[in-house]
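Please look through the structure shown below before reading on. The points that follow take up a few places worth a careful look.

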Amino acid sequence: MIRFILLQNRAGTTRLSKYYFPVEDAEKAKLQYEVHRLVVNRDAKFTNFVEFKQHKLIYRRYAGLFFSLCVDVNDNELASLEAIHLFVEVLDHYFNNVCELDLVFNFHKVYLIVDELFLAGEIQESSKLVILNRLAELDRVQD
């Protein structure tokens, strides 16, 4: 099960956070700081999997953003890494070459994409085409 999702830039600013278990605000800030400190200082030659408290942290860097998932110890790391990559691909297609500013100014759409991909801490949909079709349908409904 996914415990939380974080998108952070190199400076440590959190651009998106989604928690699938109850966490106090002070604990959220502490978790975000610890995750950033852990992933930003890691050498690129090491794996993208790190033990984090009683869980595993799976992360991937795309341009200046770190996409991090905290999952249970028994979860498949490669499936989580693939979910991160799918998330980035959907963002890239939806925003036509996504950048950090797209995430900042269209955060509500980014959360919509997260909700299409993940449900209650589990991967809900793994087809990029299905997700993009759902998003296009939601955009048509909004207009």
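This is a predicted model: local features need pLDDT of at least 70, side-chain atom pairs count only at pLDDT 80 or more; totals for chains, interfaces and linings use all residues.

**Notes on the model**

1. In the hairpin of β3 and β4, where 2 residues lie between the strands, K53 takes a positive phi near 55°.

2. V50 and F52 make up its covered face, while F49 and E51 make up the uncovered one. In a regular strand the side chains alternate between the two faces of the sheet.

3. The side chain of Q8 reaches the backbone oxygen of Q32 at 3.0 Å, and, leaving aside residues up to four places away in sequence, Q8 touches a set of residues including T13, T14, R15, Q32 and F66.

4. Q32 itself has its place in helix α1 (residues 25-40), and with 17% relative accessibility Q32 also counts as buried. The side chain of Q32 makes a polar contact with the side chain of T14 at 3.2 Å. Not counting residues up to four places away in sequence, Q32 touches L6, Q8, T14, S17 and Y19.

5. How many aromatic pairs does a search of the whole structure find? The search finds 6. One of them is formed by F4 and Y19, a tilted pair with 5.4 Å from centre to centre and 40° between the planes. Because F4 lies in strand β1 and Y19 in strand β2 (residues 14-19), this pair ties together parts that are 15 residues apart in sequence. Both F4 and Y19 are buried.

6. F67 and F87 form an edge-to-face pair, with 5.9 Å from centre to centre and 80° between the planes. Since F67 belongs to strand β5 (residues 65-71) and F87 to helix α2 (residues 77-95), the pair ties together parts that are 20 residues apart in sequence. F67 counts as buried at 5% relative accessibility, and F87 is buried with a relative accessible area of 3%.

7. F4, Y19, F21 and F52 form one aromatic cluster, and the charged end of R3 sits over the ring of F21, 4.3 Å from its centre.

How values were computed: Residues are numbered from 1 along each chain as its sequence is written. Side-chain values use heavy atoms; hydrogens and water are left out. A polar contact is a pair of N or O atoms within 3.5 Å; within protein, one must be able to donate a hydrogen and the other to accept it, and residues adjacent in sequence count only if both atoms are side-chain atoms. Contact means heavy atoms within 4.5 Å. Buried means under 20% relative accessible area, exposed over 50%, partly exposed in between (1.4 Å probe, protein chains only). Helices (H or I, at least four residues) and strands (E, at least two) are DSSP runs, numbered from the N terminus. Two strands pair if DSSP finds at least two bridges between them. Rings of Phe, Tyr and Trp (its six-membered ring) pair if their centres lie within 6.5 Å; planes under 30 degrees apart count as stacked, over 60 as edge-to-face and the rest as tilted. A charge sits over a ring if NZ of Lys or CZ of Arg is within 6 Å of the ring centre and within 35 degrees of the ring normal.
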